[in-house]
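Subject: Structure handover

Hello,

Here is the structure we talked about handing over. Please open it alongside this message.

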Amino acid sequence: METKKRVLIVGGVAAGASAAARLRRMDETCEIVLFDKGKYVSFANCGLPYYVGDVILDEKKLLLATPQLFQERFNIQVKVEHEVTKIDRAAKTIEVKSAQGVTREPYDVLLLAPGAAPLRPPLPGLDLPGIFVVRNIPDTRLIRGWIESKQAKRAVVVGAGFIGLEMAENLKLRGLEVTILEAGLQALPPLDPEMAVFVHQHLKKHGVDLQLGDPVASFVPTASGLSVRTKAGQAYGADLVIFSIGVKPETALAKAAGIELGSLGGIKVDDQMRTSDPSIFAVGDVVEVKDFVTGLGTLIPLAGPANRQGRLVADAIAGKPRSFRGVQATAVCGFFGLTAALTGATEKTLKRAGITDYGRVYLHPGNHAAYYPGAKPIHMKLLFDRKDGRVLGAQAVGEEGVEKRIDVLAMAIQMKAQVRDLEEAELCYAPQFGAAKDPINVAGMIASNLQRGDVVAAPWEGLADPGTRTILDVRDPQEFKAGHLDGAVNIPLNDLRARMGELDKSMEVWVNCGVGQRSYYAVRTLRQNGFNAQNLPGGYQTYRMFHPVD
Ligand code: FAD
């Protein structure tokens, strides 16, 4: 009698559950058993902060599928509260611990999808009651219960990453005072620092006390709750602490079994998600993947890649292999009405990868036509390869229309588009949705102008160097009076042709305006008149990103 192929899956949320369901669609004959040490599978971990904040009121809405549904619809056995504790690769078995005891389960194929665990450095007091991580539904129940039973009024969130900011918003929604303590010098570390300035300003505007650059050192119990102490000696009182400084791949099982890990600590896989053991695959937050833009190894703990990998690995196990393209780290975060999103490389990642020949543009367009009421600015940064114009990465922050632009750019990056493709992109337009020249087109136009050499960009960082140059501001006098760069001379754009004789042709002329449009016009005029004129990209709004005022 022919025996069925036995596929065992460790971890049943984003990557594991996707893989199980897809595998059944690809192969009706194999036996699929999914183990999760938690109480639930296939739950919406991305929705957890909103359950704490009472935005999602019914906990059941977080459960996307139940073990019963897996059994009835897909003929997949799901064993919750079953922890896989050991892999015996030689015998091709796993050891599983549950309330019923310890069992050994044989496999033909093993898929590891155990995710990533919250980082917990050895800080004194981190185990005290009232300090929580946010990883699963029971965690959120504990947090909700604590807020209610203690009538919590002050929360400290440690870490200003995606989860930290989402938790800050939701704790505020529950009426708590919120302080965020971040060890680094910026919130949302995946963004470039100047883009994070908008995040800082927005948190402040919404009453969140954001403290940067001072790592948390310890937690001390007090008569009224907890005191969070920092390295610099500050102390913050709290009734509740959310500890969210990041995650690390859950590699203990794989490591103990001698499965190869990558240099960043995730499980090493090939483009079909196969580990160093041909019978064992791995997907989701636990694996190290290839950065689509830089080609380097990276850890990207996001739901989209985990789901895509789950689907792809099922095809590989079913004998219909496809190749995983890598991850471009497209991510979005919303808090207090602000959206911050990014895709592909940032300047930080390019520098880390040793890629230096890139161009960058800044722009601050409205999310839709300015004449239609309610337009909101989007602050955008686009990075591209200076040689071939390929789009490398984009970041955007604003209140409306941010994720739409980043999604378009994410697709452009995946299709290896060049900036001239953005210039030519035909996107939907009516006044309430966009502009005839959409922000995507404008970003493409600015970048193409640079790439073709029609415009030269002056580096904002170069202002620190006193060098011999003229700083020309072409805004109107009242705008100039309200704030300008040190040492700038003011010749409004409309007067420039008549007054360009006042400028010294032997010096570089760095031109500034409000958002970089009038300065671009001025640069074109000056360059055609023999000046070495360069545009300060994104104008005074970008200057304020590099030199924020409180
Ligand atoms: P997980 O979804 O973490 O699942 C792993 C499962 O494996 C867990 O249930 C665990 O119990 C189980 N497991 C681990 N070890 C064992 C073992 N030895 N035996 C049995 N079972 C085991 N991503 C986004 O893209 N957008 C978002 O908005 C977003 N928001 C998030 C908000 C929060 C609060 C959290 C926690 C994450 C968020 N993420 C978000 C990240 C996203 O949820 C993860 O990237 C994704 O869930 C990873 O999928 P995974 O299957 O690899 O791991």
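Below are the notes on the ligand site, then the strands, then some single residues.

This is a predicted model, in which local features need pLDDT of at least 70, side-chain atom pairs count only at pLDDT 80 or more, and totals for chains, interfaces and linings use all residues. Residues are numbered from 1 along each chain as its sequence is written, and side-chain values use heavy atoms, with hydrogens and water left out.

**The ligand site**

A polar backbone atom of A14 is 3.4 Å from an oxygen atom of the ligand. N45 uses a polar side-chain atom, 3.1 Å from an oxygen atom of the ligand. At V84, a polar backbone atom is 3.0 Å from a nitrogen atom of the ligand.

How much of the ligand does the protein bury? Alone, the ligand exposes 990 Å², and the protein buries 87% of that. Accessible areas come from the Shrake-Rupley method with a 1.4 Å probe; for residues, only the protein chains shown count as cover.

Helices (H or I, at least four residues) and strands (E, at least two) are DSSP runs, numbered from the N terminus.

Buried means under 20% relative accessible area, exposed over 50%, and partly exposed in between (1.4 Å probe, protein chains only). Strands pair if DSSP finds at least two bridges between them.

Strand β10 covers residues 154-158. Four of its five residues are buried, so β10 is largely enclosed by the rest of the structure. Five bridges join β10 to strand β11 (residues 177-182), and the two run parallel. V156 stands opposite T179 in β11.

β10 also pairs with β16, again parallel, over four bridges. There, V158 has F243 as its bridge partner. Strand β16 (residues 240-243) is covered on both faces. L240 and I242 lie on one side, V241 and F243 on the other, and all are buried. Strand β9 (residues 131-132) runs parallel to β16, joined by two bridges. I131 stands opposite V241.

**Strand β27**

How many of the five residues of β27 (residues 469-473) are buried? Five of the five are, so the strand is largely enclosed by the rest of the structure. R469, I471 and D473 point one way, while T470 and L472 point the other way.

β27 has a parallel pairing with strand β29 (residues 508-512), over five bridges. It also has one with strand β28 (residues 489-490), over two bridges. D473 takes part in both: it stands opposite N512 in β29, and its bridge partner in β28 is N490.

**Single residues**

H202 lies in helix α6 (residues 193-205). It is buried, with a relative accessible area of 6%. A polar atom of its side chain lies 2.5 Å from the backbone oxygen of F336.

V13 sits in the loop between β1 (6-10) and α1. At 16% relative accessibility, V13 counts as buried.

Most residues other than glycine have a negative phi. E81 has a positive one, near 55°. E81 is in the loop between β3 (77-80) and β4, and is partly exposed at 46% relative accessible area. K92 also has a positive phi, about 55°. Its place is the loop between β4 and β5 (93-98). K92 is partly exposed, with a relative accessible area of 29%.

Best wishes

Methods
Polar contact = N/O pair within 3.5 Å; in protein donor to acceptor, adjacent residues only side chain to side chain.
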